[in-house]
Amino acid sequence: MTLVEGASHERPLPHFREHIITRDVPGGYQVVTADLNGDGAIDLIAVAQDSISLVWYENPGWQRHLISAGFNGMINVSPWDYDHDGRPELILAHDFDMDPRRSRGTISVLHSPADVTDPWTVTKVDELPTSHRVRWADIDGSGQKVLIDAPLVGPNAVAPDYRDHVPLVYYRPGEWKRHLIDNEEEGILHGLTIVDWFHNGRSQILTAGFSGIALRSLDTNGKWQRTLISKGDPAPWPKGGSSDVVIGRMKKERFLAAIEPWHGNQVVVYREEKNGWKREVIDTELQDGHTIATVDLNGDGVDEILAGARGTHNVCLYSFNGKQWEKSVLDSGIPAAGCAIADLNGDGKPDIVCIGDGILKWYENMGEWQGK
């Protein structure tokens, strides 16, 4: 059992029970939560860069099932049931390389068979070099989501400056025609988060990269608007900017949490003020920070921040005590490349799952739930 130490709150952070689901995800990069077989339990999809097989683990026994094989350079998966048959389709970004000259950046859609434990069918829909982050978003409030594809760099980018503009694009399911949102990002574009920023039933897009943190929204005239929220770490190019960003809640107030700079050492909180967003660095001790999330673990209406680092092999939690953020270590034994939040055992409490190197772990929330 893992006990989170170091936080003193009216509602303390919960204990977590650690479960190792598998040690067989070579180059584990992303873990995705979805109910793949329609039984109401949340299953896990593991993206492993050093494997040619995309697999899922069935809740509750965590049996391993092959989705499909023969992939190189898998980098991101995003599920959504766009044909409304009760089972999600999967979008897979693969054939990834950081050098656009060596990266096909294939986008494929995977359809489940009648028995989801059988191999899925795979259809390639596009190639866009360094396709890196894929997410579904309801950009117009119609309920019909589109696929957002954010490549890591532009087609002519060269390390270490990566001086080129990055095309941010979307696709409508079935049509699969590439639509350009804009190419205003420059250098590395690493983070992609879908939010309802304006509380209007439409999805907006948060990006994080060398150009900082930016918000994109589709206006009622069908035009995309880009708003720069922060330039991120102020260090000179290519050492500045941002890497990953998520939105969190403090009761009625929202905040942003970010890892900065790219694959950086900082956990940063942004709080909205009259003249913009105030940047506060709450940790500088990560090495190769790569995943960040927010979640209310104890039901007090204030989100904790979860950050994972590959270099320091740890998963950290940051909780706000009313005055400042307090850090505690959830796990010091996993190079966390990706983490996700879901109620995996159906007890109403949010759990944590992380992937890194060859390991996939579930951290079961054992606290007394205070939420509704």
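## Aromatic rings

Rings of Phe, Tyr and Trp (for Trp, its six-membered ring) are said to pair if their centres lie within 6.5 Å, and a pair counts as stacked when the planes are under 30 degrees apart, as edge-to-face when they are over 60 degrees apart, and as tilted for the rest. In this predicted model, local features need pLDDT of at least 70 and side-chain atom pairs count only at pLDDT 80 or more, while totals for chains, interfaces and linings use all residues. Residues are numbered from 1 along each chain as its sequence is written, and side-chain values use heavy atoms, with hydrogens and water left out.

By the ring rule there are 13 aromatic pairs. Tyr162 and Trp262 make an edge-to-face pair, with 6.1 Å from centre to centre and 85° between the planes. This pair links parts of the chain that are 100 residues apart, since Tyr162 is in the loop between β11 and β12 and Trp262 is in the loop between β19 and β20; strands (E, at least two residues) and helices (H or I, at least four) are DSSP runs, numbered from the N terminus. Tyr162 is buried at 10% relative accessible area, whereas Trp262 is partly exposed at 22%, where buried means under 20%, exposed over 50% and partly exposed in between (1.4 Å probe, protein chains only). Trp262 also forms an edge-to-face pair with Phe210, at 6.0 Å centre to centre and 70° between the planes.

One aromatic cluster is formed by Trp80, Tyr82, Trp136, Tyr171 and Trp176.

## Charges over rings

A charge sits over a ring if NZ of Lys or CZ of Arg is within 6 Å of the ring centre and within 35 degrees of the ring normal. Arg163 lies over the face of Trp237, 3.8 Å from the ring centre, and the charged end of Arg254 sits over the ring of Trp197, at 3.9 Å from its centre.

## Salt bridges

Side chains of opposite charge can pair when their charged atoms come close. With a salt bridge taken as a side-chain nitrogen of Lys or Arg within 4 Å of a carboxyl oxygen of Asp or Glu, the count comes to 22. One of them joins Glu18 and Lys361, at 3.2 Å from N to O; because Glu18 lies in strand β1 and Lys361 in strand β28, the pair ties together parts that are 343 residues apart in sequence. Glu18 is partly exposed at 30%, but Lys361 is buried at 6%.

Another salt bridge joins Lys327 and Asp283, at 2.9 Å from N to O. Asp95, Arg104, Lys124 and Glu127 are linked in a network of salt bridges.
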